[in-house]
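Student: I would like a close look at one part of this structure, followed by its surroundings. Please keep it brisk.

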Amino acid sequence: MPKTPRRHQDDLATLFSLAFSTLNQELHQRLVELGFDDIRPMHGFLFQGLIPDGATAKTLVELLGISKQAVSQMLDYLEERGYVIRRPHPSDGRGKLVVLTERGWALIKAKESIYMNIENRWGGIIGPNHLNTMRSDLKQIIQFVGEEDLPQKLRPVW
């Protein structure tokens, strides 16, 4: 006798996706309220690659798993809006290092504050200990999966 399929809402992939969407939508709504209305969800993973000391475009290509042209376009967009700046690389005379500007760091601080508020609210719903256990469990799963022989690196999905 075949198993009855789980309801769509009970599937872990769907639940993770919905939780991520909820978090991301609230984050960007709050960022707009704080004057960061030109930031898109796809920029968040690029910013993570720049913390704390910047990165080269090549490093960002590898991190994000997208083309050099796509990274260059994102960097142009963010540089035009004052979030990043390209500087000469300190150890590679031909290379450029992309670093956050004051506005970029202000965005990062705002994001961290918003995430903290969301996580505190979620902790109020399920309990702070459960939230911390969930965080720890997810880190463990990601670390384990990252150590397996996967055909490609683990990369963010946006």
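Student: In which helix does F16 lie?

Tutor: F16 lies in helix α1. Two notes on the basis come before the rest. This is a predicted model, in which local features need pLDDT of at least 70 and side-chain atom pairs count only at pLDDT 80 or more, while totals for chains, interfaces and linings use all residues. Residues are numbered from 1 along each chain as its sequence is written, and side-chain values use heavy atoms, with hydrogens and water left out.

Start with F16 itself. Its relative accessibility is 44%, so F16 counts as partly exposed. Buried means under 20% relative accessible area, exposed means over 50%, and partly exposed lies in between, with a 1.4 Å probe and protein chains only.

F16 belongs to a nonpolar surface patch, together with L12, L15, I125, I126, M134, L138, I141 and I142. Together these residues have about 830 Å² of accessible area. Such areas come from the Shrake-Rupley method with a 1.4 Å probe, and for residues only the protein chains shown count as cover. Patch members have over 30% relative accessible area and no salt bridge; nonpolar side chains (Val, Leu, Ile, Met, Phe, Trp, Tyr) are joined within 5 Å, like charges within 9 Å.

Three helices each supply at least two residues of the patch: α1 (12-33), α5 (102-126) and α6 (128-147). The top contributor is α6, with 4 residues.

The protein has 6 helices and 2 strands. Their order from the N terminus is α-α-α-α-β-β-α-α. These elements are DSSP runs numbered from the N terminus: helices are H or I with at least four residues, strands are E with at least two. Of the 158 residues, 25% count as buried. The protein exposes about 11,300 Å², and carbon and sulfur atoms supply 56% of that area.

Next, the buried side. In α2, the buried residues are H43, F45, L46, F47, G49 and L50. Their cover includes α1, α3, α4, β1, β2 (96-100) and α5.

Two packed helices are described by the angle between their axes and the distance between the axes. For α2 (residues 41-50) and α4 (residues 68-80), the axes come within 11 Å and cross at roughly 95°. That makes α2 roughly perpendicular to α4. On the α2 side, the contact is made by M42, H43, L46 and F47; on the α4 side, by M74, L75, Y77 and L78. Contact means heavy atoms within 4.5 Å. Axes are lines fitted to C-alpha atoms, for helices over the stretch in contact, and angles run from 0 to 180 degrees between N-to-C directions. Under 35 degrees counts as roughly parallel, over 145 as roughly antiparallel, 65 to 115 as roughly perpendicular, and the rest as oblique.

H43 has 2% relative accessibility, so H43 counts as buried. Beyond its neighbours within four places in sequence, H43 is in contact with D38, M74, Y77 and L78.

D38 also touches R81, whose other contact outside four places in sequence is R103. R81 sits in the loop between α4 and β1 (84-88). R81 counts as partly exposed because its relative accessibility is 31%. The C-alpha atoms of R81 and G104 are separated by 9.6 Å, although the two residues are 23 apart along the chain.

Charged pairs come next. The structure holds 6 salt bridges; each is a side-chain nitrogen of Lys or Arg within 4 Å of a carboxyl oxygen of Asp or Glu. R81 pairs with E80, the closest N and O atoms being 3.4 Å apart. E80 counts as exposed, at 63% relative accessibility. D76 pairs with R86, with 3.0 Å between the closest N and O atoms. This pair links distant parts of the chain: D76 is in helix α4 and R86 in strand β1, 10 residues apart. R86 also meets E79, at 2.6 Å from N to O. D76, E79 and R86 are therefore partly exposed members of one set, at 32% for D76, 28% for E79 and 26% for R86. Salt bridges link D76, E79 and R86 in a network.

One backbone detail remains. The peptide bond from I51 to P52 is cis, with omega near 5°. P52 is in the loop between α2 and α3 (57-64). Most peptide bonds are trans.
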